[in-house]
2 protein chains.
Amino acid sequence: MLVDPYGVIRAYLGPWPAHLLVEIDPAVTEMVRATIPVVRHRRREVFDRWSLMCRMRITVLGGLGAFPDRDQGCSGYLLRHDGFTMLIDPGYATLQPLLTRCAPGDVDAVVVTHGHPDHCADLHPLLRARALSGGAVQPLPLYAPAGALDAVLALDSHDVLNGAYRVHELPLPGDVICGPLTVATMPVPHFLPNAGLRITAGRTSVVYTGDGGPHEPFAEFAGGAGLLIAEATYATEVPAPQAGRLSTAADAGALAALAGAAALWLTHVWPGSDPDAHLAAARRAYAGPSNVAVPNLTWISPT
Amino acid sequence: MLVDPYGVIRAYLGPWPAHLLVEIDPAVTEMVRATIPVVRHRRREVFDRWSLMCRMRITVLGGLGAFPDRDQGCSGYLLRHDGFTMLIDPGYATLQPLLTRCAPGDVDAVVVTHGHPDHCADLHPLLRARALSGGAVQPLPLYAPAGALDAVLALDSHDVLNGAYRVHELPLPGDVICGPLTVATMPVPHFLPNAGLRITAGRTSVVYTGDGGPHEPFAEFAGGAGLLIAEATYATEVPAPQAGRLSTAADAGALAALAGAAALWLTHVWPGSDPDAHLAAARRAYAGPSNVAVPNLTWISPT
């Protein structure tokens with residue numbers, strides 16, 4: 001018997017955004033199809049599970065700044081929403097944590113805040129894995145500020161990765177649509193052009209500073225975020241040569257409070273730092289739930 | 001009381017090569033100094049331990065070709081001899097296995113066979129860790145064929161890694177002296193200039209093909225190696241587009257037999273391959289001990 005899985009979902013979740021009818025992942029479609037017999041008998045339970053799966057969730061792949069240590073890589077976040085998988089800032093040593101969670105071909109889009117390799121180096125082995133694993137994989141859409149990926153993509157001659165990706169310039173400021181997600185950007189002062197991000201689906205937003213010094217307009221940009229991921233390289237003081245281009249955990253706490261963020265992750269922590277000092281500095285300004293970003297830390301949108 | 005640790009060592013090991021008197025690592029000197037009281041009472045035991053430590057040893061950091069999987073990185077080998085630490089081919093996802101064995105500043109030299117990122121990508125985070133960790137670290141000598149490291153070194157603007165390395169062109173063919181080791185090269189046909197390596201100290205040699213198709217003169221170059229590390233991307237057949245530029249485990253076994261190598265490692269195995277098929281193919285030609293390269297596999301020179 002042929003069934004329309006969207007029809008079943010619509011019956012429980014109400015109107016279905018048109019773009020999802022084309023963007024939805026085949027694996028999700030299959031899962032929905034498999035749940036249909038259960039739906040008929042256990043409507044409430046299936047509704048709850050499906051509803052949870054549709055929520056936005058984001059998982060840390062690595063949270064160190066500058067360079068990895070033996071246990072943890074640099075910046076990297078895996079965001080999933082409605083069967084869409086977005087990789088944000090695939091920095092050094094984030095590919096293997098990614099591969100414990102999905103196959104190379106499962107990634108639907110990559111967003112990179114800026115061109116430093118602690119934010120984009122592991123894009124390269126991901127593209128190699130997609131290009132050389134055999135089987136047909138769509139070109140991976142890569143969103144980044146102009147030129148940010150030039151160096152990392154030059155690690156191979158063009159023919160090795162031919163057709164494995166498509167670069168889209170991330171406007172600064174501006175916004176782009178990635179599957180079911182809207183990605184809005186605001187430039188944040190750093191050594192290279194750096195895109196602060198606000199990623200939104202429905203009423204849920206995750207905001208990420210990328211790397212950058214304190215920037216007053218960012219509080220409004222981050223207003224009401226469900227989760228604020230804020231660069232906090234140092235606990236309370238940025239050394240003079242980096243002042244204005246990097247932030248502290250104290251800055252991150254102040255930003256989270258001003259923005260009214262519902263939760264805060266401190267990230268890009270300098271290797272060897274004491275995470276308790278970072279948390280203490282942030283909590284002096286921000287009373288909400290806060291964590292230092294470490295691999296596997298996961299946030300799920302409450303609604 | 002001031003003592004001369006070299007004098008104590010000389011008494012047990014005989015004449016000491018002059019270059020070691022300047023090249024020896026301060027940590028080793030300190031260790032020797034600490035063993036002196038023990039030496040006085042337990043001469044034989046200390047002699048045995050010291051003698052073992054002086055042997056050449058090499059450890060696999062990763063053994064996959066092309067791209068990493070979730071469990072293992074690409075080509076990477078850590079060679080130690082007489083307190084000297086050489087990193088060979090720091091491919092994708094080999095930095096963290098390296099850091100479980102030594103600190104970034106402990107590496108004395110890096111040798112790269114060719115410029116593909118599965119053989120050199122993780123050089124970059126190693127240099128960042130050395131440059132940005134604080135403390136004085138000597139510029140790291142990097143030995144590679146002309147231009148092979150240009151792309152990976154371009155991942156940062158020059159000022160970030162300023163003074164963190166010094167590039168030395170690896171002559172093809174030719175040889176260079178790295179601390180207590182002599183590195184001889186022979187070009188092996190690949191998509192880029194690729195240096196087959198013969199690394200020698202005293203009567204001990206480790207030979208590594210880098211990546212490359214079967215090359216008849218290489219058997220003589222590898223003659224009598226204590227260990228032959230041979231690229232064996234496929235078990236028995238190289239697909240047509242790569243023929244002559246990559247090798248099989250069958251080729252590797254034939255090479256080991258012709259060269260009279262005392263042991264064989266099969267490396268650069270295509271992700272997802274069956275290691276048993278590789279071993280079986282090599283063993284049809286080579287009767288000595290053979291292994292597929294996996295992280296932590298270690299060879300110690302028998303003398």
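Student: Is A:Ala148 buried or exposed, and at what relative accessibility?

Tutor: A:Ala148 counts as buried, because its relative accessibility is 13% and the cut-off for buried is under 20%. Keep in mind that this is a predicted model.

Start with the surroundings of that residue. A:Ala148 sits in the loop that runs between β5 (140-144) and α8 (150-153) of chain A. Set aside residues up to four places away in sequence, and A:Ala148 touches A:His114 and A:Gly115. A:Leu170 is 22 residues away from A:Ala148 in sequence, and the C-alpha atoms of the two are 9.8 Å apart in space.

Now widen the view to the chain. Chain A has 303 residues, and 55% of them are buried. Its secondary structure consists of 11 helices and 14 strands. Take the contacts in chain A between residues at least 6 apart in sequence: 61% of these join residues at least 24 apart.

One link of that kind involves A:Arg128. Its side chain meets that of A:Asp156 in a salt bridge, with 2.8 Å from N to O. A:Arg128 belongs to helix α7 (residues 123-132) of chain A, while A:Asp156 is in the loop between α8 and β6 (165-169), so the pair ties together parts that are 28 residues apart in sequence. Both residues are buried. For A:Arg128 the relative accessible area is 5%.

The side chains of A:Arg128 and B:Asp118 form a salt bridge at 3.6 Å, N to O. Helix α7 of chain A holds A:Arg128 and helix α6 of chain B holds B:Asp118, so this pair joins two chains. B:Asp118 is buried as well, because its relative accessibility is 2%.

The structure holds 4 salt bridges over all chains, and the interface of chain B and chain A has 2.

The same surface serves both copies, since 100% of the contact residues of chain B recur in chain A.

Then the interface itself. In chain B, 29 residues are in contact with 29 residues of chain A. The two chains bury about 2300 Å² between them, with 63% of that on carbon and sulfur atoms. On the chain B side, B:Arg70, B:Gln96 and B:Leu155 lose the most area to chain A, and together they account for 26% of what that side buries. Polar contacts between the chains number 10 residue pairs, both residues at pLDDT 80 or more. Four helices of chain B, namely α5 (95-99), α6 (117-120), α7 (123-132) and α8 (150-153), each supply at least two residues of the side that touches chain A. Helix α7(B) gives the most, with 5 residues. By type, the chain B side divides into 16 nonpolar, 7 polar and 6 charged residues.

In α7(B), 8 of the 10 residues are buried, so the helix is largely enclosed by the rest of the structure. Among the buried ones are B:Leu123, B:His124, B:Pro125 and B:Arg128. After α7(B) comes B:Gly134, with a positive phi near 85°.

Definitions and conventions:
Residues are numbered from 1 along each chain as its sequence is written. Chains are lettered from A and ligands numbered from 1 in the order in which they are written. This is a predicted model: local features need pLDDT of at least 70, side-chain atom pairs count only at pLDDT 80 or more; totals for chains, interfaces and linings use all residues. Side-chain values use heavy atoms; hydrogens and water are left out. Contact means heavy atoms within 4.5 Å. Buried area is the accessible area (1.4 Å probe) that two parts lose on being put together, summed over both. A polar contact is a pair of N or O atoms within 3.5 Å; within protein, one must be able to donate a hydrogen and the other to accept it, and residues adjacent in sequence count only if both atoms are side-chain atoms. Ala, Val, Leu, Ile, Met, Phe, Trp, Tyr, Cys and Pro count as nonpolar, Asp, Glu, Lys and Arg as charged, and the others, Gly among them, as polar. Buried means under 20% relative accessible area, exposed over 50%, partly exposed in between (1.4 Å probe, protein chains only).
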